[in-house]
Amino acid sequence: GWFASLPPDLRVAPKGWGPVFGLVPFDPTFARVCQGVCLVTCVATVCGVWTRQAACVALVTGLYVCGLTQFFGKLNHFHHLFWFAALLAASPCGDALSFGRPNQPRPGPSRAYALPLRLTWVMIGALYFFPGFWKLWISGPEWAGGENLRFLMHEVWYYDYFRPFVRVDRYTALLALAGIGTIAFEIGFVFLILSRRTRWIAVASGVLFHISTDLFLNIKFHELLVCYVAFLD
């Protein structure tokens, strides 16, 4: 509602959204209603109340409500949540632990349940792969050398009024190791998760990566780290 009420002069169409930008309704009342519907249907999806129908409504209303925040010059990276919501809407996610299917026998193992989880893994891998690929393609030696990471830290610390508990920017060798490790992790994650033997390495590396970016860069992707439950049996 707050974003929808901001002056029209502050709105900026993201790249590719120009033709449909004028069709997006910026109405505070409508936005708040959609926000309430989204919250209710999210809870209904989690609890298994008309699960797939609720997931569909949560997806549509959530895209609109969270999409409003993207039209003011700063793009926020939570698109993966809607990828997963779309997977829930398209999968038989309400077949177990669901109030929408009372007295139904517990379903057995099936590819119908495995496939959405595997697609979730690949999507998480894609979230890492392309940032890593472009780091390597555009500024590979600079990124791996550690100086780029030092400058990035200084920029983030300056704008966020943030200081880590350890000034890692003073250790060039450690920054170089972190730079190389970041590229290796981001590019290699999607390949590591495909094997049962190496999947735990990918998951452990991802947890370490997100904790490190939080501690030293004040970059929080907790909403992605929570989605790691998809890797549990």
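Me: Is Tyr 161 buried or exposed?
Reply: This is a predicted model, in which local features need pLDDT of at least 70, side-chain atom pairs count only at pLDDT 80 or more, and totals for chains, interfaces and linings use all residues. Residues are numbered from 1 along each chain as its sequence is written, and side-chain values use heavy atoms, with hydrogens and water left out. Buried means a relative accessible area under 20%, exposed means over 50%, and partly exposed lies in between (1.4 Å probe, protein chains only). Because its relative accessibility is 79%, Tyr 161 counts as exposed.

Me: What is the phi of Tyr 161?
Reply: Tyr 161 sits in the loop between α5 and α6. Most residues other than glycine have a negative phi. Tyr 161 is not a glycine, yet its phi is positive, at about 50 degrees.

Me: Where is Asn 218 found?
Reply: Asn 218 is another residue that is not a glycine and has a positive phi, here of about 60 degrees. Its relative accessibility is 23%, so Asn 218 counts as partly exposed. Its place in the chain is the loop between α7 and α8.

Me: What share of the contacts in the chain with a separation of 6 or more joins residues 24 or more positions apart?
Reply: A contact means heavy atoms within 4.5 Å. The C-alpha atoms fill a box of roughly 60 × 55 × 35 Å along the principal axes, and of the 233 residues 36% count as buried. For residues 24 or more positions apart, the share of these contacts is 69%.

Me: Which histidine is in contact with Tyr 228?
Reply: Neighbours within four places in sequence are left aside here. Tyr 228 then contacts Ile 124, Tyr 128, Phe 185, Phe 189, Val 203, Gly 206 and Val 207, and also His 210.

Me: At what angle do α4 and α6 pack?
Reply: Axes are lines fitted to C-alpha atoms, for helices over the stretch in contact, and angles run from 0 to 180 degrees between N-to-C directions. The contact of α4 with α6 holds 17 nonpolar, six polar and two charged residues. In this count Ala, Val, Leu, Ile, Met, Phe, Trp, Tyr, Cys and Pro are nonpolar, Asp, Glu, Lys and Arg are charged, and the others, Gly among them, are polar. The two axes are 7 Å apart, and the packing angle is about 145 degrees.

Me: Is His 80 buried or exposed?
Reply: His 80 lies in helix α3 (residues 79-90). Not counting residues up to four places away in sequence, His 80 touches Leu 127, Glu 223, Leu 224 and Cys 227. As its relative accessibility is 2%, His 80 counts as buried.

Me: How far apart are the closest N and O atoms of Glu 147 and Arg 150?
Reply: A salt bridge is a side-chain nitrogen of Lys or Arg within 4 Å of a carboxyl oxygen of Asp or Glu. Both residues lie in helix α5 (residues 147-160), three residues apart, about one turn of the helix. Glu 147 is partly exposed at 36% relative accessibility, whereas Arg 150 is buried at 11%. In their salt bridge the closest N and O atoms are apart by 2.2 Å.

Me: Which residue forms a salt bridge with Lys 220?
Reply: The count of salt bridges comes to four. Lys 220 is partly exposed at 45% relative accessibility, and Asp 214 is buried at 17%. With the closest N and O atoms 2.7 Å apart, Lys 220 is bridged to Asp 214.

Me: What distance separates the C-alpha atoms of Val 229 and Cys 34?
Reply: Val 229 lies in the segment after α8 (222-225), and at a relative accessible area of 56% Val 229 is exposed. Val 229 and Cys 34 are 195 residues apart along the chain, and their C-alpha atoms are separated by 28 Å.

Conventions. Helices (H or I, at least four residues) and strands (E, at least two) are DSSP runs, numbered from the N terminus.
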